[in-house]
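Visitor: I am new to this structure. Please take me through some of the terms used for it.

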Amino acid sequence: SDGDTLGSFCVIDKKERVWTDGEIEILTDLAQFAITEIELQAELVRRRDVESELRKSEQRLQAVISSAPVILYTVDQDGVITMNEGKAFEAVGGTSSLYLGQSSFDVYAHSPEVVDGIRRGLAGETVSVLTQQSTKIGPVHYNVRISPLYDVSDSIIGAIGVATDVSEQLNAEQSLERSIKRLTLLRRVDVELSESLDLQSV
């Protein structure tokens with residue numbers, strides 16, 4: 001108990017009496033037992049409330065993950081994949097159980113930038129890396145943000161990664177870049193032709 005008043009403990013007898021030290025000690029113990037029971041019940045209610053909020057948060061997170069075009073994964077301190085979720089799995093023909101229980105260092109051995117990002121996340125850094133993965137539908141580009149996971153005592157217990165498919169964005173940027181290069185080349189050709197025609201007319 002923190003010393004806060006929770007109520008009163010009352011003992012009633014049919015006649016006036018003088019309480020002995022032993023009886024007072026027994027009643028004090030009974031009062032303490034009652035306080036302990038009240039505190040336990042309050043703790044149970046608090047835990048049920050926390051668990052209810054946790055379930056609601058998990059449901060909201062699951063709803064977001066299952067509808068957003070991302071892949072969310074977590075790894076433990078040893079880099080073992082403990083969660084793999086996301087709608088983006090569907091696009092590449094995978095499932096959420098893919099790679100569960102496997103070492104992320106082995107799974108992403110072909111992507112050293114991701115392995116380095118996971119190691120840095122486990123060391124306490126937050127990093128973003130751009131990577132490419134070969135899939136059944138062809139190469140897919142991901143922007144992966146990796147952050148450390150902490151427990152209640154602020155100790156690092158793993159890392160979390162969110163991979164966003166940026167293939168369309170990159171393809172659009174590359175297409176724009178090619179168009180700009182082509183336009184620049186055409187302008188150079190136009191200038192050279194104009195200068196050549198001017199010289200021939202002299």
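**Helix α4 and its surroundings**

Guide: This is a predicted model. The buried residues of helix α4 pack against β1 (70-76), α3 (104-107), β3 (127-135), β4 (138-150) and β5.

Visitor: Which residues of α4 are buried?

Guide: In α4, which spans residues 112-122, they are Val114, Val115, Gly117, Ile118, Gly121 and Leu122.

Visitor: What puts them on the same side of α4?

Guide: The arc they cover around the axis is only 160 degrees, so they lie on the same side of α4. An α-helix has 3.6 residues a turn, so residues three or four places apart point the same way.

Visitor: What comes just after α4?

Guide: Gly124, which takes a positive phi of about 110 degrees.

Visitor: Why is Ile160 called partly exposed?

Guide: Buried means under 20% relative accessible area and exposed means over 50%. Ile160 has 24% relative accessibility, so Ile160 counts as partly exposed.

Visitor: Where is Ile160 found, and which residues does Ile160 touch?

Guide: Ile160 is in strand β5, residues 156-165. Leaving out residues up to four places away in sequence, Ile160 touches Leu72, Tyr73, Thr74, Arg145, Ile146, Ser147 and Leu149.

Visitor: Why is Ile24 called partly exposed?

Guide: The relative accessible area of Ile24 is 40%, so Ile24 is partly exposed. Ile24 sits in helix α1, residues 21-67.

Visitor: Which residues form a nonpolar patch with Ile24?

Guide: Val11 and Trp19 form the surface patch with Ile24, and together the three have about 230 Å² of accessible area.

Technical notes:
Residues numbered from 1 in each chain as written. Predicted model: local features only at pLDDT ≥ 70, side-chain atom pairs only at ≥ 80, totals over all residues. Heavy atoms only, no water. Helix = DSSP H or I, 4+ residues; strand = E, 2+ residues; numbered from the N terminus. Buried < 20%, exposed > 50% of the residue type's maximum accessible area, 1.4 Å probe, protein only. Contact = heavy atoms within 4.5 Å. Arc of directions from axis to C-beta. Patch = residues over 30% accessible without salt bridge, like charges linked within 9 Å, V, L, I, M, F, W, Y side chains within 5 Å. Areas by Shrake-Rupley, 256 points an atom, 1.4 Å probe, with all protein chains shown as cover. Salt bridge = Lys/Arg side-chain N within 4 Å of Asp/Glu carboxyl O.
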